Amino acid sequence: MYNETFLRRAIAISAEAITTPGTEPFGAVIVKEGKIVGEGINRSVMNHDPTSHGETEAIRDACRNLGTVDLRGCALYSSCEPCALCVAAMNIAGITTLYYAADMAQAGGAIADLPEAARFPVDVERLTHECGHAVEARLMPAEQHLDGEAVQILQDWADYARAKVG
């Protein structure tokens, strides 16, 4: 069942990217039995790891904290609609439900004009075509909430990144 507090936490984590070098504004939390058991922010640049997305970092954190790779019964709350890579990781881990704020189109619009020096380009449409389906075609139940707040953080981060390279 959706809980706004958890989605707000994912959005707050994403906002840390505005001032934390090597991170990008994609945050996630894993919830089990009404408690946060894992958190993550995109650290791809910091970790030199293209799979270090907010969702995968939250999954890794939850698995470490729970001492298992079985996250069945857990929900994932994300500041942005997860990409196909993250959806695959969620399915492998057994995540039951997804709640997200900004969708792919909103996130893409917020950061579309960033120069490559500010963000390694990811072709989300190609990734979805090659590896998965759009959120509305996936088997896992997904609900979108608080997208305006998440998009604002994406735009703030993009402004900050533009200023650093420009």
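This is a predicted model: local features need pLDDT of at least 70, side-chain atom pairs count only at pLDDT 80 or more; totals for chains, interfaces and linings use all residues.
1. Residues are numbered from 1 along each chain as its sequence is written, and side-chain values use heavy atoms, with hydrogens and water left out.

2. Where does Asn65 sit? Its place is in helix H3; helices (H or I, at least four residues) and strands (E, at least two) are DSSP runs, numbered from the N terminus. Asn65 is exposed, because its relative accessible area is 52%; exposed means over 50%, buried under 20%, and partly exposed in between (1.4 Å probe, protein chains only). Leaving aside neighbours within four places in sequence, Asn65 is in contact (heavy atoms within 4.5 Å) with Val37 and Gly38. Gly38 is 27 residues away from Asn65 along the chain, yet their C-alpha atoms are separated by 7.1 Å.

3. Now look at Ser52, in the loop between helix H2 (44-47) and helix H3 (54-66). Is Ser52 buried or exposed? Ser52 counts as buried, because its relative accessibility is 0%. Its side chain makes a polar contact of 2.8 Å with the side chain of Glu57. If you set aside neighbours within four places in sequence, the residues in contact with Ser52 are Ile41, Asn42, Arg43, Ser44, Asn47, Glu57 and Arg60.

4. Most residues other than glycine have a negative phi. Glu33, in the loop between E1 and strand E2 (35-42), has a positive phi near 50°. His48, in the loop between H2 and H3, is not a glycine either, and its phi is positive at about 50°. Glu33 counts as exposed at 72% relative accessibility, and His48 is exposed with a relative accessible area of 72%.

5. Next, turn to helix H5 (residues 104-111), whose buried residues are Ala107, Ala110 and Ile111. Why are they on the same side of H5? They cover an arc of only 80° around the axis, taken from the directions from the helix axis to the C-beta atoms. An α-helix has 3.6 residues a turn, so residues three or four places apart point the same way. The face turned away from the buried side of H5 carries the exposed residues Ala105 and Gly109. At the N-terminal end, Asp103 caps H5, with a side-chain oxygen 3.1 Å from the backbone nitrogen of Ala105.

6. What covers the buried residues of H5? The cover includes strand E1 (24-32), strand E3 (75-80) and helix H7 (147-165). H5 and H7 pack at an angle of about 25°, with their axes 8 Å apart; axes are lines fitted to C-alpha atoms, for helices over the stretch in contact, and angles run from 0 to 180 degrees between N-to-C directions. That makes H5 roughly parallel to H7 (under 35 degrees; over 145 is roughly antiparallel, 65 to 115 roughly perpendicular, and the rest oblique). On the H5 side, the contact is made by Gln106, Ala107, Ala110 and Ile111, while H7 contributes residues including Val151, Leu154 and Trp157.

Terms used. A polar contact is a pair of N or O atoms within 3.5 Å; within protein, one must be able to donate a hydrogen and the other to accept it, and residues adjacent in sequence count only if both atoms are side-chain atoms.
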